[in-house]
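Please examine the structure shown below. The questions that follow concern its strands, one of its helices and one of its pockets.

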Amino acid sequence: MDQTAKHNGHRRLSPDQAWRYRVVESSVQGDSITVFVEEGNVQLEQVREELEMVLGKSVQFDEIPEDRLKALLTEHYARKEGSDNRLQHQYYHGAADDFLNDLISEARTHKSSDIHIEIYDESCRVRIRVDGLLMSRYLIDKKQYPSLINKVKIAANMDIAEKRLPQDGRIFFRNEREKFDIRVSIIPTLHGEKVVLRLLNNDATDIQLHTLGFSETDLENYMEGIRKPNGIVLISGPTGSGKTTTLYATLKLLNTNTKNLLTIEDPIEYTLEGVNQVQVKENISLTFALAMKNFLRQDPDIIMLGEIRDVETANMAIRLALTGHLVLSTIHTNSAWGTVSRLVDMGIPAFLIADTLNTSIAQRLIRLLCPHCKRKEPFNSKSFPRLYQPPRVIEHHYVAIGCRECFNTGYKGRKAVYEVIPVDEELVDAIKKMTTRVGESLKAKGVKTLAENVFDLFERGDTSADEIYSLLLS
């Protein structure tokens, strides 16, 4: 959309009108308005008549490819949360089945991680997850829902006749601009089948370790751990906290012609040239543990294990580290030091953990306030948890408001925050003795906790008190 349309007053078409007619304003000259339309649209004359009646201006068309039009519609006419965005045939010039492809393209444009397609007693809806939160996008007629589910099943090579059992599959999506994998999960619910599409970010080319959110000290500590020729580097955090992205940024940095890098993942979320990646396939018994046993015969230097899930996998990771390999992996714990207790609970001897653990990291993703609409207000310290003692006095803070740029959520984008613990000789002794209280020692070493790092984000005005509330006591 060029500058002429922006500078000649407010936008003349509402989002619903733009999507209904599938047009995007381009420019206005006097009593004439030019709009982008899809190439080959056979209904242009009817669209022209209705638009001229709505706008009171002469309408000219500038035909562009379908993919570009969809991208412009999504960018400039994003519909608000909660609006009644019903699927109507006039939104699509082809068959109604095109809705699935359009939905995936729209979700990708919004950098969505998941698409939820759900059915209830009286309605069906589609939501997409953006910056960690689900947002309503469409309501669907119940008569159209079965055909949409079958479309997903066919694309994912699932059994369309099976409606009673959960199913998993994959879709390889391709359009003129990009190609990527989609992991598909279908479960039977009370009123029908629910579908979740996980959009996988295949290309790791643009991931840079220094842009993820590490502070200068944390990055130095992390780099020290991954530069060692052997040992284990573990990243902890809940599902969806960005652990895999951090691992791939690390692999990209370590990926040189002199190193042999192997990964075992479920699923493979990124592809990286020069890294040999193995996909877990439980149906043929290709598990994490089996793959890692065979990795030793592949002369590896660095091994990335998607997740340490059980005792067998943990033992294999320890064995690989003890035999001179650098192992990178993730684990589900609440804190960086809690990783040690988790491994002990799995049955790993404390002395083996002490001998192999290079660095333990805890990670979370924090939503950032939308720079277009955030508002500065006086701060009341009662907004903090009752038992929390802030390191510094906060007089003003920024709050989420909501605007068109952020889909009225008040937030736009996310940033990772870390707690990085480098394991030195003192901590090796603490692990062997199973010491749980190491807070004062870590503070003396300059290790900042998750709570301290999220407080820094809040103090700078990058995020809100509501967003960091649950982490302040971590």
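Q: Which residue of β14 does Leu234 stand opposite?
A: The model is a predicted one. Strand β10 covers residues 231-236 and strand β14 covers residues 326-331. The two strands run parallel and are joined by six bridges. Within β14, the residue opposite Leu234 is Ser329.

Q: Which strands are the edge strands of the open sheet of seven strands?
A: In general, strands of a sheet pair through backbone hydrogen bonds, either parallel or antiparallel. Here the pairing is mixed, and the order is β12-β11-β13-β14-β10-β15-β18. An edge strand pairs on one side only, which applies to β12 (275-279) and β18 (411-422).

Q: Why do the buried residues of α6 line one face of the helix?
A: Helix α6 spans residues 145-155, and its buried residues are Tyr145, Leu148, Ile149, Val152 and Lys153. Seen down the helix axis, these residues line one face because their directions fall within an arc of 140°.

Q: Which helix gives the most to the lining of the second largest pocket?
A: The second largest pocket holds about 520 Å³ of space and is lined by 17 residues. Among the contributors, α14 (439-444) and α15 (450-459) each supply at least two lining residues. With four residues, the element that gives the most is α14.

Q: How many charged residues are in the lining of the second largest pocket?
A: Glu419, Gly439, Leu442, Thr449 and Ser474 are the lining residues nearest the centre of this pocket. By class, the lining has six nonpolar and seven polar residues, and its charged residues number four.

How values were computed: Residues numbered from 1 in each chain as written. Predicted model: local features only at pLDDT ≥ 70, side-chain atom pairs only at ≥ 80, totals over all residues. Heavy atoms only, no water. Buried < 20%, exposed > 50% of the residue type's maximum accessible area, 1.4 Å probe, protein only. Arc of directions from axis to C-beta. 1 Å grid on protein atoms, 1.4 Å probe; cavity = no way out; pocket = protein on both sides within 12 Å on 5 of 7 lines; lining within 4 Å. Points joined across faces, edges and corners; volume = space filled by probe spheres on them. Nonpolar A, V, L, I, M, F, W, Y, C, P; charged D, E, K, R; others polar. Pairing = 2+ DSSP bridges.
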